[in-house]
Amino acid sequence: MAEYQTHAYDVLVIGAGGSGLRTAIEASAAGARVGVITKSLLGKAHTVMAEGGVAAALGNVDERDNWRVHFSDTMRGGQYINNWRMAELHAKEAPDRVRELEAWGAVFDRTKEGRILQRNFGGHRYPRLAHVGDRTGLEMIRTLQDHGIHQGMEVHMECTVLTLLMDGGRVAGAFGYDRERGHFLLFPAKAVVLATGGIGRAYRITSNSWEYTGDGHALAYHAGATLMDMEFVQFHPTGMVWPPSVQGILVTEGVRGEGGVLRNSHGRRFMFDDIPENYRNQTADNPEEGWRYTQGDKNARRPPELLTRDHVARCIVREIKEGRGSPHGGVYLDISWIKEKLPNSEEHIKRKLPSMYHQFKQLADIDITKEPMEIGPTTHYMMGGVRVDAETQMSSVPGLFAAGECAAGLHGANRLGGNSLSDLLVFGKRAGQYAACFAKENGDIAVDSVQVERAAREALLPFERGQKAGAEGAYQIQHDLQSMMQDLVGIVRKESEMKQALEGIQKLRERASRAGVNGNREFNNGWHTAMDLPNLLSVSEAITRAALEREESRGAHFRDDWPEKNPEYGKFNILVRQGRDGGMQITREPLAEMPHELKQVIEEMK
Amino acid sequence: MATATFRIWRGNDRGGKFQDYTTEVSEGMVVLDAVLKVQAEQANDMAVRWNCKAGKCGSCSSEINGNPKLMCMTRLSTLDLTQAVTVEPMRTFPLIKDLATDVSWNFHVKKTIRKFAPRKPDFSDGSWRMGQKDVNRIQEFRKCIECFLCQDVCHVLREHKKFDQFIGPRFFVHTAALEMHPLDTDTRTEDLKDKHNVGYCNITTCCRKVCPEEITITENAIIPLKERVVDEYYDPLRKLVMKIIGAK
Ligand SMILES: Cc1cc2nc3c(=O)[nH]c(=O)nc-3n(C[C@H](O)[C@H](O)[C@H](O)COP(=O)(O)OP(=O)(O)OC[C@H]3O[C@@H](n4cnc5c(N)ncnc54)[C@H](O)[C@@H]3O)c2cc1C
Ligand code: SF4
Ligand code: SF4
Ligand code: FES
């Protein structure tokens, strides 16, 4: 084997977002030698962009809140195909994880009594999201980063993992490259934690950055791990639609939590027109009650704008399709109307939603304290991911763990806002703890030079092809994939279109295998994009195949040809794994039986 | 469709030059959109950093027509497109390639600042009570997105290259956030004076003027830190009192 720069660890964490950093902190605390790899600079991962808040039943604003309510909200939001044990652990442990951040220096907004302030969010019964204005993710990632760097972990910034290494059935580390200089890097490790985030770059309109190419999903899949719930892609109801260059950028749900309303071109609050049966008891039936709810009236029910994201997104699509949309193909989101209610509304909005104010002012010339925003759905979050054990976060491959957005189970068919940041903390900690434990209990691994050499050879092929005639750049292929997924496997799906998408993926795969790059290996974004392509294609195929298999509509997955929910389909998750022939295999896995006590909790909260 | 020309720095630590790229532009575009369009269509191997496209991550710092700015928050409508728009990397840091500079020095500096050390929790669940008015001040500092544009303009770093003696405005903001944290028990004034040399700053306010988060770096962070150093080390009366009572 050629000589590669080598860094050996007990626990290798791939990803430096909230989940990766929380994992690394825990594993370091357990005495493991920890390495962290990130494609961007430290502190720039997606977590930094989270706005609205982190969900935890602290009960600081409404003392009726507790883990049981949070648990049942999460299950209801996920349409009951969540891993109930993960939902239980999450609801129980989130408050401690949030308080712990304060011990590490985080400064959340405060209640009058000086406790952590909590705000309303879609699908959460009580005000539950601890937050800092609308920059909660920044607070969280900076806190973890600043705490973590003093814990002894080594961080490899701007490095990308290309493949996981195996030693027999067990994971043995990873192989990748340094983006800045283009050198290959070898990371032997006794345990590996995937914390790579989501897949949003598979779609054209997305709130996600270039990083979200589903690397962790694809790495796990090729290492033999099982993926789950891949049909559930969350389209956030409110992304910017104009100007074109900002299409997809997120507008936080916090706008609606603070009293913002949705209107169509006729000025109608259309969300009142369609309130799903299982939320009717909890939803206001008139605007006045809705407003009172957002202002903290404990006897009021939430406005329909704060129904779950899947439902709100579909109502918006309906308004647009039926010709009641805004000029640039969205609908209106209006927070400025609260001037009718609050004397100092302008100041209030700027204080509660500073970065939204800033974002619209600078990017769209809109003053949100004075006029409505135009918004439409945007690809936002991946519920599906690596199937893991609820307690330990280990995948079906020994020594391979996953945490955060790239793991599946907690959110079921639809994630509630705020439940991701808490997911990162709760399961990041668990992954770190158990990965360190696994490394301690299991002996050394051996690196297989054949696997390494193969990966190195494949990574350099685009340069060889770059010189040949007919080689195509990676950007165009990625762009075509995004458009196709947006059109054929988007918010509203049907069989014929998804079959077309499968054929399209096959063709794109052929094109990708001919993709060439020019220039050299130094910080070459074209090369990087070429190497992300196979991951995006694997993930797109998994989404499409799982979505074809689910012949019903549930949560974020909506089928035009099967518009109803089918109770039979509520009894299993869909699994994706690589078959012996190398092809993608889809199976149905029955849900584990929920213990009686948890069933009772759900019953009580109905 | 309208077009505009972007004069982008291409090169690495061994040398480089400006190269002109003409591309289509449309309403609402920001500089980052144009640069990424050039990258996708004309210069696949160009090095550009970005993540959020919304001024939240601090990745896309550069110098646009000579002004330190975030590319993603600079609308083309604010620039004169009848002339080529120059886009270059931050000049204070070593160049890696094209628009990407080596900012790793900043990450090393942070490690040299004494970390947060809270007092014992007020309650058995590990929590504290802090009023909103007590945290407003440091919440301003904690808005920092680590774009390092303030470091880029500071003459102590840019012209005088005091990288091994001076931590720069970003890290004075960071230190201020720790020093003024209502729960923190540690002190960083000695380091500020001897190791991090807050004294080198002569309050030119260049850093404050470029901060995309509009943090009042000089007035709210640096000046109060300088005052702390003065109070602790140069105030003769205080010095005497400290000596008598035997404090540090
Ligand atoms: C605009 C926006 C707003 C949001 N607001 C909220 C909110 O208010 N509340 C909430 O709960 N959730 C919110 N979310 C969702 C939440 O922010 C994300 O789900 C969460 O931050 C994901 O964290 P993570 O640690 O799993 O991954 P990330 O933070 O995305 O980190 C992934 C890491 O993996 C690295 N990586 C990926 N692939 C590789 C590879 N091949 N090699 C090496 N490293 C790799 C990346 O570089 C990165 O460091 C929001 C998301 C967005 C986009
Ligand atoms: S005010 Fe001080 S820190 Fe800021 S740029 Fe001027 S010299 Fe540097
Ligand atoms: S203080 Fe302002 S300019 Fe400096 S790094 Fe932070 S956000 Fe950027
Ligand atoms: S891309 Fe995040 S600040 Fe510009």
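Two parts of a structure are in contact here when they have heavy atoms within 4.5 Å. With that in hand, let's tour this predicted model. Within chain B, 14 residues of domain 1 are in contact with 17 residues of domain 2, and between the chains, 61 residues of chain A are in contact with 58 residues of chain B.

A word on the ground rules: residues are numbered from 1 along each chain as its sequence is written, while chains are lettered from A and ligands numbered from 1 in the order in which they are written. Local features need pLDDT of at least 70, side-chain atom pairs count only at pLDDT 80 or more, and totals for chains, interfaces and linings use all residues, with side-chain values using heavy atoms and leaving out hydrogens and water.

**The two domains of chain B**

- Chain B is divided into domain 1 (3-101) and domain 2 (104-236), with bounds that come from an automatic or database domain assignment.
- The C-alpha centres of these two domains of chain B lie 30 Å apart.
- About 1,100 Å² is buried between domain 1 and domain 2 of chain B, and carbon and sulfur atoms give 61% of that; buried area is the accessible area (1.4 Å probe) that two parts lose on being put together, summed over both.
- B:P68, B:T92 and B:F93 supply 51% of what domain 1 of chain B buries against domain 2 of chain B, more than any other three residues.
- There is 1 salt bridge between domain 1 and domain 2 of chain B, a salt bridge being a side-chain nitrogen of Lys or Arg within 4 Å of a carboxyl oxygen of Asp or Glu.
- The side chains of B:R158 and B:E63 form a salt bridge at 2.9 Å, N to O.

**Where chain A meets chain B**

- Chain A and chain B bury about 5,100 Å² between them, of which carbon and sulfur atoms give 52%.
- The count of salt bridges between chain A and chain B is 10.
- B:R142 and A:E139 join their side chains in a salt bridge at 2.5 Å, N to O.
- Several helices of chain A each supply at least two residues to the side that touches chain B, among them helix 3 (84-103) and helix 15 (525-549); helices are DSSP runs of H or I with at least four residues, strands are runs of E with at least two, and both are numbered from the N terminus.
- Helix 10 of chain A gives the most to this side, with 7 residues.

**Around the ligands**

- The residues surrounding ligand 2 include B:C154, B:H155, B:C201 and B:C207, where a residue counts as near if one of its heavy atoms lies within 4 Å.
- Helix 8 (206-210) and helix 9 (217-234) of chain B are the elements that give two or more residues to the shell around ligand 2.
- Ligand 3 is surrounded by residues including B:C144, B:C147, B:C150 and B:C211.

**Backbone details in chain A**

- Most residues other than glycine have a negative phi, and most peptide bonds are trans.
- The peptide bond from A:W242 to A:P243 is cis, with omega near -5 degrees, and A:P243 is found in the loop between strand 12 (233-240) and helix 6 (254-257) of chain A.
- A:D229 is not a glycine, yet has a positive phi of about 60 degrees; A:D229 lies in the loop between strand 11 (227-228) and strand 12 of chain A.
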